[in-house]
Amino acid sequence: MRDIFLVIFLFIGLCVTVRHAFAGVLIWEWVSLMQPHQEAYGFSRSLPLNLIVVLVTIGSWLASKQETKKISSHPIIILLLALLAWMTFNSFFAFNPAWSWPFWDRTWKVFFLGIMISVTATNRLRIDAVIWIAAISLLYYGIKGGVFTIETGGQYKVYGPDNSTIGDNNQLALALLMTLPLVEYLRTNVQSRILSSGLFVAEALTAISVLGSYSRGAYIAMAAIAILALFKTRRKFVYLVALALVLVPAYYLMPQAFFDRVGTIQNASTDGSFQGRVTAWHVAFRYAADHFPFGAGFYGPQLKGIFNFYYPGEDNHAAHSIYFQVLGEHGFIGLGIYLLIAVISLSVCATVAKRREGVSPQAQKLGAMIQLSLVAFFVGGAALSLAYYDLFVILICLLPQLKKQMPGFVAQRRYRADNLQPVQVGG
């Protein structure tokens, strides 16, 4: 039954998309982030749902007379396109092209979704819609994981959907951490107290889900954004009380295995798992250095032929770091572009979040929360192979439009339901 409901829902959504391209962008975002077909357990798993949504959305966008076709010239977008071009070119020189091209096929769709968002999210309503879809898509797993952790007393790890980019416990935990600041932005801007309270409960359960993931990298990233958020908030006492209301009960909920897991962070030099990651980092660096300016192609450095060339007899590992992942797969040029995107994105967030005249509190809040999400990604991603994650690409592509829309972010306007374009009231 889940498959039937999902296909019917998508069919209706795509019918709307034929006339309103932005509806398709939101559906595309939802399918990419939540991957609902992996929760359906039936025939929909074998359907190319994402590709269908992509093709219908792009076709509607190209045919629309209302939607702009001009791609932003912001440095983030230019660098993102440059990175995609380099990764495509580099894939022709991959260690095993037949292995790498299918991963390229997924990555270009993620990047193109980001570009579509940068083109179509042309007002506050659309920007907020993108944030809502991201929050809803991942809160499903956050709430589900939080309830599971409470029910089982934290005895088992929380995992994401099978056959997805967030199926692993570590990857899911990082995705949920990136979602928490976005939910906080939405919570502080909704008018309904009931909805605000509901979002707070969802945040608490999601935080518990992160604890239940047993992901050490996520714990470090959680600590980083918690400290950064403390410096950013003006209501520090309220923030600390809210933090205590979530973490203190969770502290007593979690079993000894959780504290044993946390304790291994201090003993990284003797931890076998960490040492395996260091070995994978060496492989990525050495391959990129030996084959400059190229890398091994998408997920190439983890192949046994490469891994055992540098470390004979060792079990091959994934990069377990977004930085070494990009370095090993796309060489020093790819890593350089990637790091430039990271620096510029954080800089734009800081510019938007800065309190000054002419910038609305809502725009400042969103800039600060996206900054927290990106910090979580860049810190937690240091120990995860999640370099091209959908939410990361979506958020950095949203930044140019957010910066552009800052002055009118709280303008009192009415929105037409047909294309979500602002219509001035009066005058």
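How many residues does helix α8 have, and how far does α8 reach from its first C-alpha to its last? Some notes on this and other features follow.

1. **Ground rules.** This is a predicted model, in which local features need pLDDT of at least 70, side-chain atom pairs count only at pLDDT 80 or more, and totals for chains, interfaces and linings use all residues. Residues are numbered from 1 along each chain as its sequence is written, and side-chain values use heavy atoms, with hydrogens and water left out.

2. **Overall picture.** The protein has 16 helices and two strands; these are DSSP runs numbered from the N terminus, with helices being H or I of at least four residues and strands E of at least two. Of the 427 residues, 52% are buried, where buried means under 20% relative accessible area, exposed over 50% and partly exposed in between, with a 1.4 Å probe and protein chains only. Among contacts (heavy atoms within 4.5 Å) with a separation of 6 or more, 77% are between residues 24 or more positions apart.

3. **Helix α8.** To answer the opening question, α8 (residues 193–211) has 19 residues and spans 27 Å from first C-alpha to last, close to the 27 Å expected at 1.5 Å a residue. The expected span is 1.5 Å times one less than the number of residues. Buried residues in α8 include S196, L199, I208 and S209. At the start of the helix, a side-chain oxygen of S192 comes to within 3.3 Å of the backbone nitrogen of I194. That is a polar contact: a pair of N or O atoms within 3.5 Å where, within protein, one must be able to donate a hydrogen and the other to accept it, and residues adjacent in sequence count only if both atoms are side-chain atoms.

4. T149 lies in helix α6 (residues 124–152) and is buried, with a relative accessible area of 0%. Leaving aside neighbours within four places in sequence, T149 is in contact with G154, V158, I208, S209, G212, L253 and M254. Of these, I208 and S209 are among the buried residues of α8.

5. **Packing of α3 and α5.** Helix α3 (residues 49–63) and helix α5 (residues 97–120) pack at about 35°, with axes 12 Å apart. Axes are lines fitted to C-alpha atoms, for helices over the stretch in contact, and angles run from 0 to 180 degrees between N-to-C directions. The crossing of α3 and α5 is left-handed, that is, the near helix is turned anticlockwise from the far one by less than a right angle. From α3, N50, L51, V54, T57, I58 and W61 meet W108, K109, F112, M116, V119 and T120 of α5.

6. **S118, also in α5.** S118 lies in helix α5 and is buried, with a relative accessible area of 4%. The S118 side chain reaches the backbone oxygen of I115 at 2.6 Å. Not counting residues up to four places away in sequence, S118 touches I77, C397 and Q401.

7. **Backbone geometry to look at.** Most residues other than glycine have a negative phi, and most peptide bonds are trans. A cis peptide bond joins F292 and P293, with omega about 5°; P293 lies in the loop between α12 (272–290) and α13 (304–310). Q35, not a glycine, has a positive phi of about 50° and is buried, at 9% relative accessible area. H320, not a glycine either, has a positive phi of about 55° and is partly exposed, at 24%.
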